[in-house]
Amino acid sequence: MKSITITRVAHREDLRLLVMLRWIAVVGQLITMAVVDRLMGIPLPLQWMLTVVAVLVLWNLLSLLRWRADRPVSGLELFAGLMLDVLALTAQLYLSGGAGNPFVSIFLLQVILGAVLLDVRWAGLLAAATALAFVGLAFFNRPLDMPNLHDGFFSPHMVGMFLCFVLTAGLLLIFLGRIAANQRERDAKLAELKQRAAEEDHVVRTGLLTAGAAHELGTPLATLSVIVNDWSRLDAFRQDPDTRAELETMKTQLDRCKAIVSGILQSSGELRGEGTVKTTVRGFLDDVVEEWRGLRAPAQLVYINRFKPDLDIVSDVALKQVVTNLLDNALEAPAEQVAIFASRLDQHLEIVVRDNGPGFDADVLKRFGQPYVSTKAKTGGGLGLFLVVNVVRKLGGTVTAANPVEGGAVVTLRLPLAAFGAAL
C-alpha cells in the first residue's frame, strides 16, 4: 500500500513534467505555423489549427490545477493526458499533410514517454493508438502544397525532418533526465520506508522481549521483597545498625525494580487502566525531571520550564521514558552538566537537552537513532536513542541532534501536544 502511494506521488511529478512539455509543444506549434504559413508561403488552415492549440492550452491549465491540488496522481490520469496529446498531434498532422508531414515522427516521443511513465497495459494502448493514427493519416489528410519536396537538404520537407529530429532529441534528453530523477527519488523513498519497517520490527521485537522479561522478573522480585521484609524483623538484623541500613537500601532498590517492571508491563498493555494519572504538561515534566534527579544525582542539572499556557494531559509511561532516556544519554556522555529546557511552540512541546560532554561523533550524527550506534563502550549502546526516535516518530514528532559550536551536544525533541491527550 505504501509503495502504491509513493508511485502516485511520483506520478504527480510526472504530471508536472507533462505540463511543461505541453507548454513547449504549444509554443513550438505556434512558431511552426507562423514560419510555414507566413515565411515559407505554404498555406495552412490556421483557424482549425489554432483551435487545436486552444484545446491544448485549456487542457494544460486544467492539468496545472490538478497538479496544484496536492493529491496523488494515478497512472490513468497520465494516460488520459498523453492520449489527448496524441489526438491533438493527429489533428494537426491531418490539417497539414498527414503522414507525409515531417513532424509525424513526434509520435515516437509520445510512445517513449508512455513507456517510461506508464505501466505496460497503458503504454501498449498508447502505442497502438499512435500506430492507428499513423495509418489513418496515410489515407485521410488535408494535402499541403509543398514545392521542391525532395530538392536537397534545404527543401521544406528535409528541413522539417531535421527540425523534428532536433526537437525530439532535445526533449528526450531533458525530460527523460527529469523522469529518471523522479524515479531515483521514488526509489529513495521506498528504501527509507523499508528501513523504517525494519527499525519498527526491531522495536516490536525489543518491546516483546522487554515485556516478557518484566513479566518473568515479577515473581522473583516479589519473593526477594518478602524475604527482605522477614529479615528486617529478625532481632539479629534489627540490632546491627549497619545491617539494618543495608536492608533498607535493599528494600528501596527492590521497590524501584518493582516500579520499573510495573511501568514496563503498564506501557505494554498488561496493566491496562492502572496507573493513569491526570496532570499538566508542566507538572508532568517537573515530576519526570525531579524523579530523574533523585535517581541519577547529576553533578549539575539546569532545568528551565517555559511551557505556557499550561495544559491538562494524561501522564504516559512511554513519554516519561523518552524524556528519561534523553537525560540518561546526556549524563552518560559523559558530561559534568546537563541542561533541559521546555517550551511551547504553537501546538507542540519542544524539549531541548544539552550537555557539556565531548559531543556526538560524526558517524553517530549521520546514523542518529539507529540501533547500536553509540560512542559508549558498553553492550546495547544506542538502544536508548533508537527507542526514543521510534516512539517520537510514532507519535508524530521529531528528534534532531547536533554539536553546537560552543561544545557539547544538544538533542531537540518536538512533540505534538495531541500525543499527550491534551485538549487543544
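This is a predicted model: local features need pLDDT of at least 70, side-chain atom pairs count only at pLDDT 80 or more; totals for chains, interfaces and linings use all residues.
Hi everyone. Let's begin with the rings: this structure contains one aromatic pair. The partners are Phe79 and Trp122, and their geometry is tilted, with 4.8 Å centre to centre and 35° between the planes. If you'd like to find them on the screen, Phe79 sits in helix H3 (residues 75–94) and Trp122 in helix H5 (residues 120–139).

Now come with me to helix H4, which covers residues 106–117. H4 has twelve residues, and from its first C-alpha to its last it reaches 17 Å, close to the expected 16 Å. Which residues of H4 are buried? They are Ile106, Phe107, Leu109, Gln110, Leu113, Gly114 and Leu117. If you look down the axis of H4, these buried residues fall within an arc of 155°, so they line one face of the helix. Turn to the other side of H4 and you find Leu108 and Ala115, which are exposed.

On to the charged side chains. Side chains of opposite charge can pair when their charged atoms come close. How many salt bridges does a search of the whole structure find? The count is nine, and I'd like to walk you through some of them.

Let's take Arg66 and Glu77. Their closest N and O atoms are 2.8 Å apart. Arg66 counts as buried because its relative accessibility is 17%, whereas Glu77, at 31%, counts as partly exposed.

Next, please move along to helices H9 and H10. Lys320 forms a salt bridge with Glu291, and here the closest N and O atoms are 2.8 Å apart. Lys320 is in helix H10 (residues 317–331) and Glu291 is in helix H9 (residues 281–296), 29 residues apart. Both ends are partly exposed: Lys320 has a relative accessible area of 28%, and Glu291 has a relative accessibility of 38%.

H9 and H10 are also linked by Arg296 and Asp328, which lie 32 residues apart. In this salt bridge, the closest N and O atoms are 2.5 Å apart. Arg296 is partly exposed, at 29% relative accessible area, while Asp328 is buried, at 16%.

Last stop, the surface. A nonpolar patch of about 460 Å² is made by Val27, Ile31, Val35, Leu39 and Met40. One of these, Val35, lies in helix H1, which runs over residues 2–39. Val35 counts as partly exposed because its relative accessibility is 32%.

So, to recap: the tilted pair of Phe79 and Trp122, helix H4 with its buried residues on one face, the salt bridges from Arg66 to Glu77, from Lys320 to Glu291 and from Arg296 to Asp328, and the nonpolar patch that includes Val35.

How values were computed
Residues are numbered from 1 along each chain as its sequence is written. Side-chain values use heavy atoms; hydrogens and water are left out. Patches are made of residues with over 30% relative accessible area and no salt bridge: like charges are joined within 9 Å, nonpolar side chains (Val, Leu, Ile, Met, Phe, Trp, Tyr) within 5 Å. Accessible areas come from the Shrake-Rupley method with a 1.4 Å probe; for residues, only the protein chains shown count as cover. A salt bridge is a side-chain nitrogen of Lys or Arg within 4 Å of a carboxyl oxygen of Asp or Glu. Helices (H or I, at least four residues) and strands (E, at least two) are DSSP runs, numbered from the N terminus. Buried means under 20% relative accessible area, exposed over 50%, partly exposed in between (1.4 Å probe, protein chains only). The expected span of a helix is 1.5 Å times one less than its number of residues. The arc is that of the directions from the helix axis to the C-beta atoms. Rings of Phe, Tyr and Trp (its six-membered ring) pair if their centres lie within 6.5 Å; planes under 30 degrees apart count as stacked, over 60 as edge-to-face and the rest as tilted.
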